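Please read the following report alongside the sequence and the model, which are shown next.

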Amino acid sequence: MSSPLSEEEQNQLVYSDDPHHPANLICELCRNFYTLGWVTGTGGGISIRKEDHIYIAPSGVQKERLAPENMFVMEYPSLNYLRLPESLKPSACTPLFLAAYDKGAGACIHTHSQWAVLVTLINKGKTFKIANTEMIKGIPCPSRKGYFGYHDTLEIPIIENTAHEEDLRDSLAQAIADYPDTSAVLVRRHGVYVWGDTVWKAKTQAECYDYLFQLAVEMTKLGLDPAGPIEPVQD
Ligand SMILES: CSCCC(=O)C(=O)COP(=O)(O)O
Ligand SMILES: [Zn+2]
């Protein structure tokens, strides 16, 4: 792989004084996600799309220590790399991020949150469900051109893990096709992929999902069904 751009042109793609530039945001958000336990031990991460450029972090590096100069830039939809930092490989999550971009996403987050992993262990089937919970209202419902409601049952597909991250692509793409309203796919014993129209929507949705995963785990520990009905108020 090589870039058609000069070194100077490649660097112009990632060096910016604007804190909202994708190369700067990926570094800032990965530091934030590290404190949440989402991207520890080099795993997980975030990719951001800006117009026809997709920003991707390197694979197998400490995500909380990223710098803009470490970023790969891919042209979308040609999928040609415009920037390839030396001695680094693009995130193994890249084919998964691309599946989200093919659905119109502006950013995609992959976390190794233990709440996401636990939810896939508690729910042995092909989906995780939760209902009657306020934070469901933070999750978009594209078919309604709005958001899920408090009384809705949110259903998130679970796919089986593979030995190599990139081999998850086909099953993730199938889950997206099977659940057209979903903006997240859980990966059993691994974590979750969450995407949104913008980087900030992807971030807040990932926070809502993580909250719901934790709540579901704690409810299950208490013998409560996360997808169960609202109990009548007792006098
Ligand atoms: C210890 S991380 C194992 C691989 C993984 O699950 C992952 O998310 C790796 O992502 P990367 O961006 O480092 O390729
Ligand atoms: Zn992973």
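Ile136 sits in the loop that runs between strand E6 (127-131) and strand E7 (140-141), where strands (E, at least two residues) and helices (H or I, at least four) are DSSP runs numbered from the N terminus. This is a predicted model, in which local features need pLDDT of at least 70 and side-chain atom pairs count only at pLDDT 80 or more, while totals for chains, interfaces and linings use all residues. Residues are numbered from 1 along each chain as its sequence is written, and chains are lettered from A and ligands numbered from 1 in the order in which they are written.

Ile136 counts as buried because it has 22 C-beta neighbours inside 10 Å; a residue is buried if 20 or more other C-beta atoms lie within 10 Å of its own, exposed if 12 or fewer, and partly exposed in between, with C-beta atoms placed from the backbone. Leaving aside neighbours within four places in sequence, Ile136 is in contact with Ile130, Phe148, Tyr150, Asp152, Leu154 and Leu212, contact meaning that the C-beta atoms, placed from the backbone, lie within 7 Å. Ile136 and Gly149, which are 13 residues apart in sequence, are 6.5 Å apart in space from C-alpha to C-alpha.

Asn132 also lies in the loop between E6 and E7, and Leu79 lies in the loop between E3 and E4. Asn132 is partly exposed because 16 other C-beta atoms are within 10 Å, whereas Leu79 counts as exposed because it has 11 C-beta neighbours inside 10 Å.

| Residue | Phi |
|---|---|
| Leu79 | about 65° |
| Asn132 | near 55° |

Pro77 is placed in the loop between strand E3 (72-75) and strand E4 (81-83), and a cis peptide bond with omega of about 10° joins Tyr76 and Pro77.

The largest nonpolar core has 64 residues, and those with the most contacts inside it are Ile26 and Leu186; such a core is a set of buried Ala, Val, Leu, Ile, Met, Phe, Trp, Tyr and Cys residues joined through C-beta atoms within 7 Å. Helix H6 (residues 199-221) gives the most to this core, with 8 residues. The core draws at least three residues from each of domain 1 (1-91) and domain 2 (93-224), domain bounds that come from an automatic or database domain assignment. Not counting residues up to four places away in sequence, Ile26 touches Ile46, Ile48, Tyr55, Ala57, Leu66 and Met71.

Definitions and conventions
Contact = placed C-beta atoms within 7 Å.
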